[in-house]
Number of protein chains: 2
Amino acid sequence: MYKKLLSAGVALALGAGYTLTAFSQGKPETLVKQRQAVMTLHWKYFGPLVAMERGRAPYDAAVAARNAGYLETLGKMPWTDFDPSTKNAKSPALPAIFTEPAKFKQAQEQYLGEIAKLVTVSKTGDEASVKAQIGAVNKSCGNCHDNFREPF
Amino acid sequence: MYKKLLSAGVALALGAGYTLTAFSQGKPETLVKQRQAVMTLHWKYFGPLVAMERGRAPYDAAVAARNAGYLETLGKMPWTDFDPSTKNAKSPALPAIFTEPAKFKQAQEQYLGEIAKLVTVSKTGDEASVKAQIGAVNKSCGNCHDNFREPF
């Protein structure tokens with residue numbers, strides 16, 4: 001039964017109104033759900049790093065390195081889900097995402113650059129450098145959110 | 001302002017009632033949200049592979065390899081969120097997760113083993129082998145869901 005339902009799920013996901021390719025986009029609500037799932041997991045793995053940076057949790061080099069790696073993979077996931085088809089879907093995303101795509105792209109690249117640096121630095125395990133880079137990532141999160149997301 | 005709110009967010013996430021370590025668990029609802037976020041993203045990247053396997057989308061070796069890598073990382077994320085504290089939280093997870101932990105662990109390991117094989121096979125790009133392994137992963141998803149998740 002699981003098989004049949006899964007089959008129906010795929011049929012639905014790739015169903016009427018969407019081009020049937022391996023890159024198929026889903027319904028706007030699905031895209032919003034997917035990009036929000038990335039944000040949920042980003043926070044799961046970035047929150048503990050901010051806690052370390054601020055001295056609210058003990059510094060743990062292994063967790064920092066592991067989480068940095070997870071964040072790097074997660075960082076590849078949300079962007080295509082900010083599709084123009086989601087412009088009117090319920091979400092805290094601001095219209096600037098679609099009216100200023102170059103600026104949005106730049107904010108993404110800045111964020112991903114800081115995450116890449118965090119991955120590199122976290123491999124050294126050096127506490128001060130790792131904490132400084134956690135701060136830099138945090139700033140790039142804020143930079144994008146300030147311009148492209150409704151205030152929390 | 002973003003900074004202040006983020007700070008408040010961290011304080012909340014790591015707040016009263018939870019041990020303040022880098023491994024801090026959140027509230028049961030947060031854990032459920034996090035593990036469901038993994039399932040959402042699993043489906044985002046596994047759905048297109050099932051579509052390829054069933055001939056509903058053209059085979060794309062690069063997408064198969066990329067998605068397999070994403071699934072491998074995602075596969076590391078949900079398990080600690082099946083914490084006993086979530087036993088009574090609203091979710092389709094079945095009590096067997098907590099009453100039969102060894103069986104649940106075995107199902108996880110079977111799934112992760114099939115994902116690891118998919119990563120290896122997808123690097124060869126061989127269509128028939130990749131498709132067969134997509135089917136094997138799917139079976140292991142179903143095996144775990146059949147025993148530990150309410151029917152869809």
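1. Helix α3 of chain A (residues 61-74) comprises 14 residues and reaches 20 Å from its first C-alpha to its last, close to the 20 Å expected at 1.5 Å a residue. The expected span is 1.5 Å times one less than the number of residues, and helices are DSSP runs (H or I, at least four residues), numbered from the N terminus. At the start of α3(A), a side-chain oxygen of A:Asp60 comes to within 3.1 Å of the backbone nitrogen of A:Ala62.

2. The model is predicted: local features need pLDDT of at least 70, side-chain atom pairs count only at pLDDT 80 or more, and totals for chains, interfaces and linings use all residues. Residues are numbered from 1 along each chain as its sequence is written, chains are lettered from A and ligands numbered from 1 in the order in which they are written, and side-chain values use heavy atoms, with hydrogens and water left out.

3. On confidence, the pLDDT (the predictor's confidence in each residue, from 0 to 100) averages 88 in chain A, where 84% of the residues score at least 70. Residues 1-23 of chain A have a pLDDT below 50, yet this stretch has 41 contacts in the model beyond near neighbours in sequence; a contact means heavy atoms within 4.5 Å. For the complex, the predictor gives an ipTM of 0.85 and a pTM of 0.86.

4. The buried residues of α3(A) are A:Val63, A:Ala64, A:Asn67, A:Ala68, A:Tyr70, A:Leu71, A:Thr73 and A:Leu74. Buried means under 20% relative accessible area, exposed over 50%, and partly exposed in between (1.4 Å probe, protein chains only). These buried residues pack against α2 (28-53), α5 and α6 (127-148) of chain A, together with α2 and α3 of chain B.

5. A:Leu74 and B:Leu74 have the most contacts inside the largest nonpolar core, which has 63 residues. Such a core is a set of buried Ala, Val, Leu, Ile, Met, Phe, Trp, Tyr and Cys residues joined through side-chain atoms within 4.5 Å. Leaving aside neighbours within four places in sequence, B:Leu74 is in contact with A:Leu41 and A:Met77 as well as B:Val38, B:Leu41, B:His42 and B:Tyr45. In soluble globular proteins, nonpolar side chains tend to be buried together.

6. Helix α5 of chain B (residues 101-124) has 24 residues and reaches 35 Å between its first and last C-alpha, close to the 34 Å expected at 1.5 Å a residue. Its buried residues include B:Phe104, B:Tyr111, B:Glu114 and B:Leu118. The buried residues of α5(B) pack against α2 (28-53), α3 (61-74), α4 (96-99) and α6 (127-148) of chain B. B:Gly125, which follows α5(B), has a positive phi near 80 degrees.

7. A:Ser140 lies in helix α6 of chain A and is buried, with a relative accessible area of 1%. The side chain of A:Ser140 reaches the backbone oxygen of A:Val137 at 2.8 Å. Not counting residues up to four places away in sequence, A:Ser140 touches A:Gln110, A:Tyr111 and A:Glu114.

8. The structure holds zero disulfides over all chains, a disulfide being a pair of cysteine sulfur atoms within 2.5 Å. The sulfur of A:Cys141 is too far for a bond, because the closest cysteine sulfur, in A:Cys144, is 8.5 Å away. B:Cys144 is likewise in no disulfide, with the nearest cysteine sulfur, that of B:Cys141, 8.5 Å away. A:Cys141 is buried, with a relative accessible area of 10%, and B:Cys144 counts as buried at 10% relative accessibility.

Technical notes:
Helices (H or I, at least four residues) and strands (E, at least two) are DSSP runs, numbered from the N terminus. A polar contact is a pair of N or O atoms within 3.5 Å; within protein, one must be able to donate a hydrogen and the other to accept it, and residues adjacent in sequence count only if both atoms are side-chain atoms.
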